[in-house]
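Me: Got a chain here I'd like to go through with you. Can you take my questions as they come?

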Amino acid sequence: MSSWFTSTTLSDLKHRVQSSVSNLANDPDLLLSKLTLTSPELSAERDKIDSEEKRKEQVKDSLAEILPWETRDRELEILVEECKEVILGLSSEEGTFTGPFVLVGGLP
């Protein structure tokens, strides 16, 4: 059975780790920034993730401002009244709030 790691792979890995450690040991500020996850690369990635999350939240908030049957699409506005009637009609049906809940064409 062959090993996943050959002696050349392990020695190459050992050499790369030793070189990285010696580079970090020569620059304590770089070592500290990497250990505290504040390196420029990580900060940029964190900023990118934060901006994506803010954008998603803004989209969610903007959609929360309209009722379920409303739309911002001009072409779909003709369906607003029909959707409103159907959605509000669900609350007047007893079966909406009592079970059994069976998916039509789905699992029982």
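This is a predicted model: local features need pLDDT of at least 70, side-chain atom pairs count only at pLDDT 80 or more; totals for chains, interfaces and linings use all residues.

Me: What's the mean pLDDT of the chain?
Reply: It is 81. Of the residues, 89% reach 70 or more.

Me: Where is confidence lowest, and where highest?
Reply: Lowest in helix α2, residues 28-35, with a mean of 76. Highest in helix α4, residues 80-90, at 92.

Me: How many helices and strands are there?
Reply: The chain has 4 helices and 0 strands. Along the sequence the pattern reads α-α-α-α.

Me: Switching to burial. What share of the residues is buried?
Reply: Buried residues account for 4% of the 108 in the chain.

Me: And the accessible surface, how much of that belongs to carbon and sulfur?
Reply: Carbon and sulfur atoms hold 60% of it. The total accessible surface is about 9,900 Å².

Me: Which residues make the nonpolar surface patch of about 330 Å²?
Reply: L10, L13, V17 and V21 make that patch.

Me: Take V17. Which helix is it in?
Reply: V17 sits in helix α1, which covers residues 7-26.

Me: Why does V17 count as partly exposed?
Reply: Its relative accessibility is 45%. Partly exposed runs between the buried cut-off, under 20%, and the exposed cut-off, over 50%, so V17 falls in that class.

Me: On to charges. How many salt bridges?
Reply: The count is 3.

Me: Start with E53. What does its side chain pair with?
Reply: E53 pairs with K56, at 3.8 Å from N to O. Both residues are in helix α3, residues 40-64. They are 3 residues apart, about one turn of the helix.

Me: What is the N to O distance for R72 and E65?
Reply: That salt bridge comes in at 3.7 Å.

Me: Which residue does E77 bridge to?
Reply: E77 forms a salt bridge with R74. Their closest N and O atoms are 3.2 Å apart.

Me: How accessible are E77 and R74?
Reply: E77 is partly exposed, with a relative accessible area of 37%. R74 is exposed, at 66% relative accessibility.

Note on methods. Residues are numbered from 1 along each chain as its sequence is written. Side-chain values use heavy atoms; hydrogens and water are left out. Helices (H or I, at least four residues) and strands (E, at least two) are DSSP runs, numbered from the N terminus. Buried means under 20% relative accessible area, exposed over 50%, partly exposed in between (1.4 Å probe, protein chains only). Accessible areas come from the Shrake-Rupley method with a 1.4 Å probe; for residues, only the protein chains shown count as cover. A salt bridge is a side-chain nitrogen of Lys or Arg within 4 Å of a carboxyl oxygen of Asp or Glu. Patches are made of residues with over 30% relative accessible area and no salt bridge: like charges are joined within 9 Å, nonpolar side chains (Val, Leu, Ile, Met, Phe, Trp, Tyr) within 5 Å. pLDDT is the predictor's confidence in each residue, from 0 to 100.
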